Amino acid sequence: MANNQFQFFDEPYHITDEQSQQYKRDGCILIRNILRHDEVEIFRKYIEDAVANYFEERKKLQESQVVDNYNSYFTQVTNVWEKDEMVKRFVIAKRFAKIAADLMGVKGVRLYHDQALFKEPDGLPTPWHQDQYYWPLDTTNTITMWMPLVDVNEDMGSLKFAVGSQKEGSVGDIPISEDSNTAYEKTIEERGYAVVTNELKAGDATFHAGWTMHASSGNNSTRRREVMTVIYYADGTRIMEPDNKHRKIDMEVFHPGAKPGDLAATHLNPLLYPG
Ligand SMILES: O=C(O)CCC(=O)C(=O)O
């Protein structure tokens, strides 16, 4: 396939001042039509195959005991970009990274990691949680792009956000679980946060900050909810002293060889924009 077939990944998407102000205020935003349906469809297949191959390999290696904790909520495979050259094109796309930089109002962004998040039919709701509890990053300029590869609505597990909750920073130091769900639901009600959810077409995406409380309903449809996420942080971010076991593991896995105080810029964290 000719390389320029995927030129759309380099073409800039224009974020308005209003959109970046909305993101700064709310800690979450829906951006429409980042990719066209036919563009997403090409990459949905590559991502699906890479995820299926990964599980096939794991089965062969009899590593079935290495299951992640999220299986009942969703199947999660991280850093798919390392496993497949075509998926890499999607994950390192400048088009996405520029949106992340423009929303956060920073000059450049690096890759933290990607995640394929598939919620099977009857998959359970994703509990309320805060992502940054897991991340050993000395900044609040972190952002996740959550792009469905199929059309999704609330009943299929589109994300719900507590609008403006990123301003609280850490609200409870609780890993994603039934406990985080109960605690954060209570906080959201007590502090009066509005909760928004969106219906997304494949190729639309939501962006949320690392401290924004979010959750999703279960997948009550008959179709698998296939989502690809890419997580970015501002270039220049340093690694913090990990103060919980999850942050220590994330530091070792996503910043191999780096120590607290170092720039978070290992070979797994390329500068994606300006790039
Ligand atoms: O896809 C989901 O259900 C959860 C995703 C999530 O929590 C995230 O991308 O930060």
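Predicted model: local features only at pLDDT ≥ 70, side-chain atom pairs only at ≥ 80, totals over all residues.
Q: Which residues of helix 1 (residues 17–26) are buried?

A: Buried means under 20% relative accessible area, exposed over 50%, and partly exposed in between (1.4 Å probe, protein chains only). In helix 1, the buried ones are Gln-19, Ser-20, Tyr-23 and Asp-26. Helices here are DSSP runs of H or I with at least four residues, strands are E runs of at least two, and both are numbered from the N terminus.

Q: Why do the buried residues line one face of helix 1?

A: An α-helix has 3.6 residues a turn, so residues three or four places apart point the same way. Looking down the axis of helix 1, the buried residues fall within an arc of 145 degrees, so they line one face. That arc is taken from the directions from the helix axis to the C-beta atoms. On the face turned away from the buried side you'll find the exposed Asp-17, Glu-18 and Gln-21.

Q: How many residues surround the ligand?

A: A residue is near a molecule if one of its heavy atoms lies within 4 Å of it. Here 13 residues surround the ligand, and the closest include His-129 and Asp-131. A side-chain N or O atom of His-129 is 2.9 Å from a ligand oxygen, and one of Asp-131 is also 2.9 Å from a ligand oxygen.

Notes: Residues numbered from 1 in each chain as written. Heavy atoms only, no water. Polar contact = N/O pair within 3.5 Å; in protein donor to acceptor, adjacent residues only side chain to side chain.
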